[in-house]
Amino acid sequence: MTKRNTLIVLYSCVALICAGILACVNFFILPRIEARKPKPADFVNVVQQKEETWYPIEKDLVGINQAGDRVKLSDLRGKVWVVAEFFAVCPHCAVRNGTEIRAIYDRFKDHPDFHVVCISVDPAQDQVERLSAYASALGADVSKWWFLNGGDEAKTHEYLEKTMKFFSIRERSNPQDIESNGRFDHDMGIMLVDRDFNVIGKWALADARSDEGRRLHPGLYDELKKQLFDRLSRELNEPGNPQ
């Protein structure tokens with residue numbers, strides 16, 4: 001074999017190896033990387049779930065609220081309530097709870113059948129003392145607004161994801177990300193539950209209020225907020241349940 005032919009064979013082998021590597025990257029590695037990337041907010045479909053997707057809450061959650069009382073979500077049967085995930089040191093939760101949920105609470109707290117529940121995704125840290133301080137800072141009356149510690153972290157996450165159907169909770173690993181955003185990346189949506197223990201809607205007000213949300217859909221936040229308030233009013237004012 002001549003030197004020229006040897007080089008051709010060598011280059012051909014190298015090309016085949018490179019092609020194989022690229023194929024592996026495209027078909028096996030890149031999809032895994034993409035799957036692990038945090039998903040951007042879908043600002044086109046940031047709307048409440050439609051009635052046909054209602055689903056019952058099929059399991060109960062027992063926990064301790066900010067007053068140290070042992071309570072369970074099924075205690076709220078017969079009431080209309082909103083529920084959200086949170087943890088006390090999450091800066092995004094502080095804004096959402098102090099803006100969106102506080103506005104809901106202020107509007108409807110005088111209705112005897114209204115309630116708010118915020119369930120901690122960090123129960124190891126959010127003990128009663130911390131929950132109590134958090135609730136006090138927001139002026140939350142425990143008879144109307146629970147900050148709830150469900151106990152075991154893994155079981156709480158499983159309940160929130162599989163029973164309540166919040167998006168998956170992701171533990172951050174980058175120290176700078178943790179410093180800025182807290183330990184957990186979690187669903188910031190606000191769910192609405194009817195008197196019969198059914199989830200009947202979810203509103204992503206925090207996404208719509210964000211800089212990107214306002215840039216892409218300037219009027220979406222106000223629209224979603226109105227939808228949520230209107231739906232709450234409608235549920236609370238069903239016949240036989242006057243406000």
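Over the ring of which residue does the charged end of Lys-165 sit? The numbered points below start there.

1. The charged end of Lys-165 is placed over the ring of Tyr-55, 5.3 Å from the centre of that ring. Bear in mind that this is a predicted model. Lys-165 itself belongs to the loop that runs between α4 (153-163) and β7 (170-171). Its phi is near 70°, which is a positive value in a residue other than glycine. Lys-165 counts as partly exposed, because its relative accessibility is 43%.

2. There's another lysine over a ring to look at: Lys-202 lies over the face of Phe-167, and here the distance to the ring centre is 3.6 Å.

3. Now for strand β9, residues 190-193. Are its faces covered or open? Both are covered. Ile-190 and Leu-192 are buried on one side, and Met-191 and Val-193 are buried on the other. As background, side chains in a regular strand alternate between the two faces of the sheet.

4. Strand β4 (residues 80-86) pairs with β9 in the antiparallel sense, over 3 bridges. In that pairing, Trp-81 stands opposite Val-193. Strand β10 (residues 198-203) also runs antiparallel to β9, and 4 bridges join the two. Leu-192 has Gly-201 of β10 as its bridge partner.

5. β9 and β10 make a hairpin, with 4 residues between the strands. Phe-197 is in that turn, and its phi is near 70°, again a positive value in a residue other than glycine. Is Phe-197 buried or exposed? Phe-197 counts as buried, because its relative accessibility is 2%.

6. On the aromatic side, the count comes to 9 pairs. One of them brings Phe-197 back: with Trp-81 it forms a tilted pair, 6.1 Å centre to centre and with 45° between the planes. Trp-81 lies in strand β4 and Phe-197 in the loop between β9 and β10, so this contact ties together parts that are 116 residues apart in sequence. Trp-81 counts as buried, at 0% relative accessibility.

7. Phe-108 and Phe-229 also make a tilted pair, because their ring centres are 5.7 Å apart and their planes are at 50°. Phe-108 is in helix α2 (residues 91-108) and Phe-229 is in helix α8 (residues 220-236), so the pair ties together parts that are 121 residues apart in sequence.

8. Last, the cysteines. Cys-90 is buried, with a relative accessible area of 2%, and Cys-93 counts as buried at 0% relative accessibility.

Terms used: Residues numbered from 1 in each chain as written. Predicted model: local features only at pLDDT ≥ 70, side-chain atom pairs only at ≥ 80, totals over all residues. Heavy atoms only, no water. Buried < 20%, exposed > 50% of the residue type's maximum accessible area, 1.4 Å probe, protein only. Pairing = 2+ DSSP bridges. Phe/Tyr/Trp six-rings, centres within 6.5 Å; stacked < 30°, edge-to-face > 60°. Lys NZ or Arg CZ within 6 Å of the ring centre and 35° of its normal.
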